[in-house]
Amino acid sequence: MRIKSGYILRKIAGSDMVVPVGSNIADFNGIISLNESAAFLWRHLTEGVELPHLVTVLAEEYNISKEQAQVDTENFIEGLQQANILMEV
Amino acid sequence: METKNVKRVPLNGTLELTARCNLRCKMCLIRVDEKRMTELGGRERTTKEWIQLAREMFDAGTIGLLLTGGEPMLRGDFCQIYKAVAQMGFLLTLYTNATLVTPEVMEVLKAYPPHSIGITTYGASPETYEKVTGSASAYNKMIEGVRRLRQLPSKLTIRTTLIKDNANDLRKMSEWAFSIGRDVDFNVSRIVTKAVRGGIAEVESCRLTAEENVAMLRERSKEFIMEPFSRFIKEHPEVIKKEKIKKEKIKKEKIPTTIFKNADNDITNPKGQTVKEKLTLYGCEAGMSAYTITWDGKLIGCQMLGNCWTYPFETGFMQAWKDYPKQVNLQPMPEQCKGCEITCSACPATRQAETGSIGGFPEYLCQESKLAHAMEMKMIAEMQQFIEEKGRLEYETI
């Protein structure tokens with residue numbers, strides 16, 4: 001899975017924000033504010049990646065258990081799916 | 001003057017792509033024609049210049065971007081500029097009079113819809129459009145333009161400015177705007193100031209007098225506040241009873257009288273209230289987080305505030321943004337305004353527009369604000385009386 005094209009991750013005054021452009025605004029017309037770990041996952045998701053890999057890199061990056069990383073990643077992915085931001089590759 | 005190392009971030013930008021317009025609105029603050037452009041000695045910036053500057057604004061952290069004019073679609077290269085800017089990743093707003101929404105424009109807007117569109121309208125008939133804009137046919141063009149723009153997923157706001165010639169159309173305009181859809185906003189600019197930065201409109205002769213303006217406000221208040229309020233109270237009398245009980249409870253509660261130590265950046269105002277300290281140049285976001293780039297290439301605080309500027313096309317955007325506060329020459333508040341507690345629409349920008357100086361006294365705005373304040377106080381008193389009477393009735397019934 002990966003982020004659909006037309007979602008632009010930006011650093012604004014130290015904060016990570018995503019701006020949808022193009023026809024994406026039909027699905028989401030606003031700004032998505034990401035915390036540091038969400039932005040970390042987002043960057044990986046722009047490349048096309050599977051859930052187990054995301055869990056592994058999140059656990060390594062933030063030195064947390066795989067179980068915790070699994071829960072956090074699934075929650076994040078679920079939010080993105082609900083907003084129709086992800087696509088299968 | 002005390003100086004602090006305050007972080008200014010250029011979050012919200014406006015690109016005034018042109019100050020020309022296909023309409024000739026009597027009250028336009030901005031519009032210039034070719035003759036005035038020559039007199040002012042400026043030139044419109046090229047396609048390449050606007051796109052390059054937008055890229056610098058993006059890199060500097062601008063997130064909210066308004067494309068406006070004049071009428072931006074009047075530029076032959078509008079689609080080219082729009083497409084390039086829309087792909088960058090701004091939260092994009094487009095202001096237009098919707099009379100030039102060609103299939104070519106729609107093609108690019110469909111590919112990259114703005115997040116929101118503000119459509120300025122001037123009346124509810126070709127006759128009113130003729131009086132206000134000088135073009136009767138613009139009315140039907142606008143209706144068709146709105147129909148096309150409505151196909152986009154963008155948030156639409158219908159905007160209007162009231163003057164003598166279109167004030168009577170207000171109700172029809174409002175009904176039409178709301179008929180487009182429940183998600184469409186209708187926004188009325190009630191205060192019309194004189195033209196700014198060399199704009200050629202003779203606003204004084206067409207704007208409503210202070211008395212007319214407040215009469216209009218009274219009608220709107222009746223329609224949108226008083227009538228729904230009365231209806232609600234009649235339909236839900238229990239609300240008043242609950243409110244009375246709640247007030248009694250509050251009286252018995254101990255009210256803290258100690259002001260705790262302020263956190264960093266908090267200050268205590270003269271009334272003893274603790275408020276967040278906010279450092280500004282003009283009392284608003286202009287020059288602190290917001291800015292406008294004018295049609296002739298100047299960076300100014302807001303579209304109305306042409307008293308000082310820097311040159312982003314010559315120095316680069318970031319340097320122009322950094323240098324802007326050095327150009328600001330603040331003026332003391334007018335004597336007449338000191339001690340006045342009435343909320344009014346006077347600010348450095350409107351004072352500049354009305355008097356030619358950011359420290360000038362704007363007689364028209366003051367007169368209008370005092371009348372509006374008196375009207376509001378009267379309305380609040382009427383509402384309180386209504387509640388009291390209704391409340392007594394309820395208690396008698398109980």
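The exercises below work through a predicted model with chains A and B.

**Exercise 1.** Determine the strand order of the open three-stranded sheet in chain A and find which strands stand at its edges.

Solution.
- Step 1. The order is S2-S3-S4 of chain A, and the pairing is antiparallel.
- Step 2. S2 (7-12) and S4 (32-34) of chain A each have a single partner strand, so one side of each lacks a neighbour in the sheet; these are the edge strands.
- Step 3. On average, neighbouring strands of this sheet are turned by 30° against each other, direction ignored.
- Step 4. Three bridges join S3 (residues 15-20) of chain A to S4(A) in the antiparallel sense. Across this pairing, A:Asp16 stands opposite A:Leu34 in S4(A).
- Step 5. Helix H1 (residues 36-45) of chain A lies across S2, S3 and S4 of chain A and runs at about 110° to S4(A).

**Exercise 2.** Describe the side of chain A that touches chain B: which elements contribute, and what is its residue make-up?

Solution.
- Step 1. Contacts link 13 residues of chain A with 15 residues of chain B.
- Step 2. On the chain A side, S2 and S3 of chain A are the elements that give two or more residues.
- Step 3. S2(A) gives the most, with three residues.
- Step 4. This side of chain A divides into nine nonpolar residues, three polar and one charged.

**Exercise 3.** Trace the pairing of strand S9 (residues 290-293) of chain B with S1(B) and with S10(B).

Solution.
- Step 1. S1 (residues 12-16) of chain B pairs with S9(B) in the parallel sense over four bridges. B:Leu15 has B:Ile293 in S9(B) as its bridge partner.
- Step 2. S9(B) also pairs with S10 (residues 299-300) of chain B, here in the antiparallel sense over two bridges. In this pair, B:Thr292 stands opposite B:Ile300 in S10(B).
- Step 3. The hairpin of S9(B) and S10(B) has five residues between the strands, and B:Gly297 takes a positive phi near 90°.

**Exercise 4.** Characterise the packing of chain B and locate B:Leu65 in the largest nonpolar core.

Solution.
- Step 1. Chain B holds 14 helices and 10 strands. Of its 398 residues, 36% count as buried.
- Step 2. Among contacts in chain B with a separation of 6 or more, 70% join residues 24 or more positions apart.
- Step 3. The largest nonpolar core has 92 residues, and those with the most contacts inside it are B:Cys28, B:Leu65, B:Leu67, B:Val85 and B:Leu299.
- Step 4. Leaving out residues up to four places away in sequence, B:Leu65 touches B:Gly13, B:Leu15, B:Val85, B:Phe90, B:Leu91 and B:Leu92. One of these, B:Leu15, is the bridge partner of B:Ile293 from Exercise 3.

Notes
Residues numbered from 1 in each chain as written. Chains lettered and ligands numbered in written order. Predicted model: local features only at pLDDT ≥ 70, side-chain atom pairs only at ≥ 80, totals over all residues. Core = buried A, V, L, I, M, F, W, Y, C linked by C-beta atoms within 7 Å. Buried ≥ 20, exposed ≤ 12 C-beta atoms within 10 Å, placed from the backbone. Contact = placed C-beta atoms within 7 Å. Pairing = 2+ DSSP bridges. Axes fitted to C-alpha atoms, helices over the stretch in contact; angles between N-to-C directions. Nonpolar A, V, L, I, M, F, W, Y, C, P; charged D, E, K, R; others polar.
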